[in-house]
Amino acid sequence: MFKNYLKIAFRNLLKNRSYTLINIAGLSLGLTSAFLIFALVRYHFGIDKHHKNAANIYRVTTNWVDANGNQDGSTTGVPYPFGQAMKNEYPEIEQLAMIEEQYNPMVLITENGQTKKFKKTGFDLDERGAFADANYFKIFDYQWIEGGPVSLNEPNHAVISRKYAEKFFGTTDCIGKVLKYDGRLNAKVDGVFEDYEDNTDFPFQIFISYSSLKEFFGGELNKDFGSINSSTQCFVSLNQKFTKAMWDKQMLGFIKKYKPDGVKDTRFTMSYLLDNHFNTDIGNVDKKLIYTLLLIALFLIITACINFVNLATAQAMKRSKEVGVRKVMGSTKAQLFWQFIFETALITIFSIIISVLLFLIAQPLIQNNLDGIFKFTFLYSPVLLFYLIGIVLFVILFSGAYPAMILSGFQPVVALKGKISTQQLGGINVRKGLVVTQFAISQMLIIGMAVVASQLTYFQNKDLGFKKEAVVTVQLPFTPEQDLVKMSTFKNKVQSLAGVDKFSYSMSGAPMTNWTSNTSIVFDNRPDSEEWGTNIKDIDAEYLDMYKIELVAGRNILPSDSAREYLVNETMVKKLGLKKPEDIINKTIDIRGKKLPVVGVIKDFHMRGLSSEIDPLTMTSKMSNVYFANIKLNTGNFKPTLEAINAAFDQVYPESFFNSSFVDVQVANTYKNELTMGKLVNFFAIVAILIGCLGLFGLVSFMANQKTKEIGIRKVLGASIGSILGLFGKEFSKLIVVAFIIAAPVAWWAMDKWLQDYQYSISIGWEIFAVSLASSVLIAVLTVGYKSTAAALMNPTKSLKTE
C-alpha cells in the first residue's frame, strides 16, 4: 500500500511540475534559513556547557549601583586582592581562581641562536592569553596532550594550546622548551592542551603562572580594593558548603570589611557561567536577539507551509475529477487523505535534502563574512537527527493536513461534474487570511530592517565629541613602565615624516575604546569618597588638539612626564553636584592618594558604544603609563606613511610587533554587532518576501482559475484589460492594508523595545512605516501582475469554454 502511495505521489508531482517546483523552492528557502538560525541558536546556547561542573561555576563581576539600588555600570574585573580575601574569609569555597586576561600576547622563541616573534596582527578575540594558577584547571575542563597545569603554581611556567605548540615549535612535543612572553618574561612550557572547538567565551591559547605577574608588572600587585580593571577576573566553583545564596547574604559584610567606601555603590556579583554569554552589561550577546532570530525561523517555516496550503488548494480544482474517480472506484476518505499526505512528504523530503545542501554551502560563507558576536558555527551531534525528524513531521502535518482533508472530502458526484465550489475548496477567505499572515510577517521584517538601518546611520553620523578621521593608533610594548627615552626617540622620528601632521601619546589610544577602569575619588575637602568612581586616562598635552576635544572651562594640562594636574569631563562636574564647569577649577581630586588640582573641564565625548552612558572621566599626564601613540596623517595616500612609521617603530622597539589601527575603524567596530544584526534581518526579510511572493502567486493562480469564465464574460461585454487587472489589484490592496494594520503596531513595539537598549537612539517615525507599506505594494504589484495579466489577455472564447 505504501509503495502504491509513493508511486502515485511521485507521478502526480511530475505531472504538475510547476506546482512541485514552486513548493520545493518555497520550503527549501524557508528550511535553509531555519537551519542557519538553528545552528546560530544552538551554538550560542551551547557556549561553555561542555565543562562537567558548568552548573556550579560563577564569574565574579563588579557592579556599581546608584542611590536607588539600580545598576549604574558593570565590569568583568575585580580588584587584585579580591581572590585572596575570598579565600581568607570563605575557605569552604570549593575552588577559586584569579586570572589576568591579555589580548594578542607577543611570544618570542629562541632556537639555534635565532629569535622568532609570534603575534597576530590586530585585535583578535581568539588570540588571548592569561595569567592563571593550577586551580583554574580544576574549575574548567581541558584535555591534555602533553604534561599538565600543576607547575602553574610556581612562577615562570606556561601551558599552551596545540595550535600554539605547532605554531611556535612545529610539534606538540615541546615540554621543557622556553618561551619569552610579551618579549620580557621567560617561561618554561610544562603542558600542551587540546584546542577548543568554537564553543567557549574563554579561548585562551596560552597560560602563564599567576605568580609571575609580580615580575611581569615589575613590582607588587595593587592591593587597593578601589582599583578595578576588566582584565583581572575571578572564577569560583561552588557546592553545598558555600552557595551563591550564601554569598549574596554575606556580600555587604565582605565589602564593609575590605572596601568600606563601596558599601553604598559597589557590589561583587556572582554571575552564573552559562549566563555569562548573554550578559549585555559586559558586551556579550543579547539573548533577546537570539530569541528574535528563533522567532524569525519559525515565521519562515510557517510562511513556507502557508505557500504549500495555498498552492495545494489552488490545484484542487484540477484534481477534483481524479478524487471523484478514485472514490467511485472504492477509495476511502482515509486512503485519499494519506495519498495526499504522502505527496506532501515527498515534497518535504526533497526540500529537506536541498535545504541541507544549501545549508552546508551557505553556513561557511555566512560565518566567514559576518563580524561580531553572531556565529553560525555548526557542531554536529546525533541529537540533530531527532530535530531534523521533528521538523519533517511538523512541516508535513502543518502543510499537508489541511489540503489533504479538503481534497479527500469531495463528494464523488460533484467532483466528477467539476462543480466544486469555493467553500468546498476551503474558502477563499482562508487563503486570504494565510496571505495576510505572510504579508504581515514580511512587513514586520521590512520595518525591522528599516529601523536597524536608521539606527546604524545614526551611529555613523552622530557627533562623538571628537574627530576620528585620518588618525592611526600604534600600540607600544606592554611594559610595567614605558621607557621615556625610547618614547621621545620614536616621537621625533615619526614627527619628522612628511605624511604626519600631529603626534600624541595616551594610555588607551583613541577616546572611544572598550577598555574600562573605575577608581574611587575624594573631591576637595569632602570627608568621604564619592559613591561612584571615575575612569582614568593618561594623556599628553597634545591629545586634546589631536582629537579636537573641546575645553569648556579652564585650560589644558601642561606638558609633563608625571601627573601634576587633572582634566575632568562635564559628567564629572554634574555627578559632583556642581552648578557649572567653572566651579571645579582649582579644586582638588584625590585618586589613590594622589591629590591634584583640576585645571580644566572638557566637553563630554563618548568613551564606549552608544548603548552606554558617558561616565565620569579624569585625565592626567603620567607618561610611564601610556601604551599607544596617536598619529594624525595629512595625506590621502596613507600606505607609504604607515610603512615609514613601521620602520621607525622597528628601529626603536626591535623586539616588539608593529600593530596599528585607524581610529575610524575602531569606532565602527563598536557597533559591528548592530551591523551584523542588520545584515541578518535584511537577509531573512528578503527570504520571507520571496516566500511570500510564491504564496501570493498561489492565491492569484487560484483566483484566476475561479474567475476564468467571469473574465471571459467581462471581456465579451467590453471590459478593458486595465479594468480586469484592477479586479485583481482591488483584492490584494485590501490584503496588504489589513496586513499592514496588523504588522505596524507589533513591529513598532518590538523595535521600540530594541532601541531602549541604547542610551542614544533614533525615534521611529512615520516614514519607516510608509517605506514598509510602499515596499509591500510594489512587491504585490510585481507578483500579481504576471498572473493577472496572463488571465486578462486570455482569448475570451477559450475562457468561456473552460469547465
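This is a predicted model: local features need pLDDT of at least 70, side-chain atom pairs count only at pLDDT 80 or more; totals for chains, interfaces and linings use all residues.
Which residues in helix 14 meet which residues in helix 17? Lys486, Thr489, Phe490, Lys493 and Val494 in helix 14 meet Ile645, Ala648, Phe649, Gln651 and Val652 in helix 17.

**The protein as a whole**

- The protein contains 23 helices and 26 strands.
- Of its 803 residues, 54% count as buried.
- If you take the contacts between residues at least 6 apart in sequence, 80% of them join residues at least 24 apart.

**Two helices side by side**

- Two packed helices are described by the angle between their axes and the distance between the axes.
- Helix 14 covers residues 484–495 and helix 17 covers residues 638–652; their axes come within 10 Å and cross at roughly 155°.
- An angle over 145 degrees counts as roughly antiparallel, and helix 14 and helix 17 are therefore roughly antiparallel to each other.
- The crossing of helix 14 past helix 17 is right-handed.

- Strands of a sheet pair through backbone hydrogen bonds, either parallel or antiparallel.
- Here you can find an open sheet of four strands in the order 16-25-15-26, with antiparallel pairing.
- Strand 16 (500–506) and strand 26 (660–662) are the edge strands, and each of them pairs on one side only.
- On average, neighbouring strands of this sheet are turned by 25° against each other, direction ignored.
- Strand 15 (residues 471–475) and strand 25 (residues 628–633) run antiparallel and are joined by five bridges.

**Strand 1, covered on both faces**

- Strand 1 spans residues 57–65, and nine of its nine residues are buried.
- In a regular strand the side chains alternate between the two faces of the sheet.
- On one side of strand 1 you will find Ile57, Arg59, Thr61, Asn63 and Val65, on the other Tyr58, Val60, Thr62 and Trp64, and all of these are buried.
- Four bridges connect strand 1 with strand 13 (residues 232–237), and the two run antiparallel. Within strand 13, Phe235 is the bridge partner of Arg59.
- Seven bridges connect strand 1 with strand 14 (residues 266–272), again in an antiparallel arrangement. Within strand 14, Met270 is the bridge partner of Val60.

- Lys244 lies in helix 7, which covers residues 244–258.
- Leaving aside neighbours within four places in sequence, Lys244 is in contact with Tyr58, Leu238 and Met270. Tyr58 is one of the buried residues of strand 1, and Met270 is the strand 14 partner of Val60.
- Lys244 and Ser271 are 27 residues apart along the chain, and their C-alpha atoms are separated by 9.1 Å.

Note on methods. Residues are numbered from 1 along each chain as its sequence is written. Side-chain values use heavy atoms; hydrogens and water are left out. Axes are lines fitted to C-alpha atoms, for helices over the stretch in contact, and angles run from 0 to 180 degrees between N-to-C directions. Angles under 35 degrees count as roughly parallel, over 145 as roughly antiparallel, 65 to 115 as roughly perpendicular and the rest as oblique. A crossing is left-handed if the near helix is turned anticlockwise from the far one by less than a right angle, and right-handed if clockwise. Contact means heavy atoms within 4.5 Å. Buried means under 20% relative accessible area, exposed over 50%, partly exposed in between (1.4 Å probe, protein chains only). Two strands pair if DSSP finds at least two bridges between them.
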